[in-house]
Amino acid sequence: MQNQCNFNECSFNHTLNLISGKYKLSVLYCLYKANIVRYNELKRMLEPISFKTLTNVLRELESDDLIIRKEYPQIPPKVEYSLSKKGQSFIPILEAMCNWGETYKLTSGYKK
């Protein structure tokens, strides 16, 4: 008998739901590379992302416990973002994606 997966209930779908969207993987990658990043720094890293889109992506990643938002009680307000333990556990997957991309670029002549 073939191993069947109800796509809506399988772990693969759950993972896709956590990271799907145009900028979620990019935000995770930036936080991985920079460790701790303030909002405007992240915005500059991800040009041409809009403020609204970045805010929504950060809220979703925070609500899924992939990133940590740390707010400092000062004027002007200071907010920093970093990967949570759950977000850090995703790093090997990001690295594997980078390795795959490097291989693909080298073998296909892809340029962008």
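**Exercise 1. Is Y32 buried, partly exposed or exposed, and why?**

Solution. This is a predicted model. Start with the value: Y32 has a relative accessible area of 27%. Next, take the cut-offs: buried means under 20%, exposed means over 50%, and partly exposed lies in between. So Y32 is partly exposed.

**Exercise 2. Classify the ring pair of Y29 and Y32.**

Solution. Step one is the method. A pair of aromatic rings is described by the distance of the centres and the angle of the planes.

Step two is the search. Three aromatic pairs turn up in the whole structure. In one of them, the ring centres of Y29 and Y32 are 6.0 Å apart, and the planes meet at 65°. Planes over 60 degrees apart count as edge-to-face. The Y29 and Y32 pair is therefore edge-to-face.

Step three is the position in the chain. Both residues belong to helix α2. They are three residues apart, so about one helical turn separates them. Y29 has 31% relative accessibility, so Y29 counts as partly exposed.

**Exercise 3. Classify the ring pair of Y39 and F51, and place its two residues.**

Solution. The centres of the Y39 and F51 rings lie 6.2 Å apart, with the planes at 15°. Planes under 30 degrees apart count as stacked. So this pair is stacked.

Now locate the partners. Y39 is in helix α3, residues 39–45. F51 is in helix α4, residues 51–63.

Check the burial of Y39. Its relative accessible area is 18%. The limit for buried is under 20%, so Y39 is buried.

**Exercise 4. Which charged residues sit over the rings of F51 and Y72?**

Solution. Take F51 first. The charged end of K43 sits over its ring, 4.8 Å from the centre. Then take Y72. K78 lies over the face of Y72, at 4.9 Å from the ring centre.

**Exercise 5. Describe the sheet and the helix that lies across it.**

Solution. Begin with the order. Three strands form an open sheet in the order β1-β3-β2, and the pairing is antiparallel. The edge strands are β1 (36–38) and β2 (67–72), each pairing on one side only. From one strand to the next, the twist averages 30°.

Next, look at one pairing. Three bridges join β1 to β3 (residues 78–83) in the antiparallel sense. I36 has S82 in β3 as its bridge partner.

Helix α2 (residues 24–34) lies across β1, β2 and β3. Its direction is at about 95° to β3.

Notes:
Residues numbered from 1 in each chain as written. Predicted model: local features only at pLDDT ≥ 70, side-chain atom pairs only at ≥ 80, totals over all residues. Heavy atoms only, no water. Pairing = 2+ DSSP bridges. Helix = DSSP H or I, 4+ residues; strand = E, 2+ residues; numbered from the N terminus. Axes fitted to C-alpha atoms, helices over the stretch in contact; angles between N-to-C directions. Contact = heavy atoms within 4.5 Å. Phe/Tyr/Trp six-rings, centres within 6.5 Å; stacked < 30°, edge-to-face > 60°. Buried < 20%, exposed > 50% of the residue type's maximum accessible area, 1.4 Å probe, protein only. Lys NZ or Arg CZ within 6 Å of the ring centre and 35° of its normal.
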